[in-house]
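The sequence and structure come first, and the text follows.

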Amino acid sequence: MATEEVAAAAAAARRKALSLSRLRAARSRYQSLQISDDVFGESGGDSSSDDNPFYSTSAGSSQSDWEEGEEEEGDVMVREAGTGGRRPEVTGQPTSESGDGEDAAGWTERLKDVAFPPYVDSAGPVHQMPLNASAIDFFQLFVPDNVIRNMVVQTNMYAKKYQERFGCDEGWSDVSLPEMKTFLGYMISTSIHHCESVLSIWSGGFYSNKSIALMMTQMRFEKILKYFHIVAFRSSQTTHGLYKIQPFLDCLQMTFDTAFKPSQTQVLHEPLIDEDPLFIATCTDRELRKRKKRKFSLWVRQCAATGYICQVYVNLKEGTASDGLDTLKNRPQLHSLVAKSLCQNLAGKNYIIYTGPSITSLNLFEEFGKKGIYCCGLLSSRKSDCTGLPRSMLVNPEIPQARGQYRVRMKGNMSLISWSNKGQFYFLTNAYSPFKEGVIIRRKSGEIRCPLAVEAFAAHLGYICKYDDKYSKYFISHKANKTWQQVFWFVLSIAVNNSYILYKMSEAYLVRRYTRVQFGEKLVKELLGIEEQFPLE
């Protein structure tokens, strides 16, 4: 009996040691990629993309496209080196073949190793912030005082014109710069303590916040909210539907780009911005159906090592835009134009861009390749533009393949991969050699063989998926009616999150280690001009 107990204990110890060794391997892989484990200084499980291992970022994505569960933290990572010169298994046949195994479109079974130029640029914050830098110092890297002063001027101009047309408002007086900062501080506070309405701050209920409610009366706040504008009047030459916030968007684009140098690996996707978690958790199905659909889509280019959002692109779904994007009926063409806009400043720097099925296409990747931008994307026969790709590679094989088996075809430096893992997944890349292999490590199943491109895609998109799960908690929860106001509060939330990422990478974080919530509370108090009597530990 004692012998059986000793054997069982020894077996349990071996299983535990194997699990720990796998986790250590995962941790070292992530560290070699410089992927941050804890973006917001908080721990806890993530629940995003429970049925989605490769994280589709298309708004119209369907769960039927994904047949594998999400990898847990530490389960997916990128191996820097492959297995050497092993040739991947090729089990399918091209649609039409010539004698040398090459089809009519130039795709061939004969694989070649591809060498890529090294990435030599440095990544990280551009500005050296002092040790005593506060939350508002990082926030004003993106939203400086001159931008807020413009909000003051435009709001007062709009209020004056409004009252000339509809009659005098006795309760109104011109807003000042401190009042505008207080107004923004109240709005940002709803990203930390989610409530049904920003006006709950002054209520006596559960969501009241007496510590900040005394800085401005509810009546004054409502007056500023009524007249708040970024651009008061449309010019005669303006045709863009977002003209009311275009100067603010242009300012953010410039400051996002100049404040931080991203890593080599970046992701193009749509962040999760549908609703705040509190509303989703408490509303009924009827209330959900009554909610108006957003009239815009928001796309971002995001650093896959830190979560920093480098560029934002807003596309209106209705109306007439100067660039005509919203009038396009061909969604692949629309997504291609969005990708080109987000990556217009990346030429010649050897960046690697990861894309979801809605963006991935051969024509786009070839165009990017000529500019020195390398790509790796997931393909879907329903969502992707499959022009120029061999159809035989995009259909499920008649005989189900074992997990880890894959086939590869090449055209120049472009590789088309069909990989089996409880279903077939298809990838297009010009950023990885087809000879280099990797593994996807799962706690229960162990190692699953795959091409290095698949492993890299899973690691980087999995990290962005994890980031978005935390990121969606910190959106400003004010539900505006106007489209331009919705866009403004969303991009302002992005600016606050970027501020925290820069704070975590600065020396100021070594002095006072704020979590994301504490950083937000500190920023709100500094915008309101409240002296902190009891410092956060």
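In what follows, the axis of a helix is a line fitted to its C-alpha atoms over the stretch in contact, and the angle between two axes runs from 0 to 180 degrees between N-to-C directions. The model is predicted.

**Overall make-up**

The protein chain has 15 helices and twelve strands. Of its 537 residues, 52% are buried. Among contacts between residues at least 6 apart in sequence, 70% join residues at least 24 apart.

**Helices α3 and α4**

Two packed helices are described by the angle between their axes and the distance between the axes. For α3 (residues 145-166) and α4, the angle is about 100° and the axes are 9 Å apart. Because angles of 65 to 115 degrees count as roughly perpendicular, α3 is roughly perpendicular to α4. On the α3 side the contact is made by D145, I148, R149, M151, V152 and T155, and on the α4 side by L177, M180, K181 and L184. These residues divide into six nonpolar, one polar and three charged.

**Helix α15**

Helix α15 covers residues 516-528, and its 13 residues should span 18 Å at 1.5 Å a residue; the end C-alpha atoms are 18 Å apart, which agrees. Its buried residues are R516, Q518, F519, G520, K522, L523, V524, L527 and L528.

| Helix packed against by α15 | Residues |
|---|---|
| α2 | 135-139 |
| α4 | 177-189 |
| α5 | 210-213 |
| α13 | 483-504 |

Just after α15, G529 has a positive phi of about 75°.

In soluble globular proteins, nonpolar side chains tend to be buried together. The largest nonpolar core here holds 81 residues, and F142, V143, F248, Y308, F488, W489 and L492 touch the most other members. Helix α13 gives the largest share of this core, 14 residues. Leaving aside neighbours within four places in sequence, Y308 is in contact with F142, T255, F256, A259, F260, R301, Q302, C303, N498, I501 and L502. Another core, of 31 residues, lies apart from the largest one; A304, Y406, M410 and Y463 are among its members.

**P451**

P451 lies in strand β12 (residues 446-451). Is P451 buried or exposed? With a relative accessible area of 3%, P451 is buried, because buried means under 20%. Its C-alpha atom is separated by 6.3 Å from that of K436, 15 residues apart along the chain. Beyond neighbours within four places in sequence, P451 is in contact with Y406, I417, W419, K436, E437 and G438.

Definitions and conventions. Residues numbered from 1 in each chain as written. Predicted model: local features only at pLDDT ≥ 70, side-chain atom pairs only at ≥ 80, totals over all residues. Heavy atoms only, no water. Helix = DSSP H or I, 4+ residues; strand = E, 2+ residues; numbered from the N terminus. Expected span 1.5 Å × (residues − 1). Buried < 20%, exposed > 50% of the residue type's maximum accessible area, 1.4 Å probe, protein only. Contact = heavy atoms within 4.5 Å. Parallel < 35°, antiparallel > 145°, perpendicular 65-115°, else oblique. Nonpolar A, V, L, I, M, F, W, Y, C, P; charged D, E, K, R; others polar. Core = buried A, V, L, I, M, F, W, Y, C linked by side-chain atoms within 4.5 Å.
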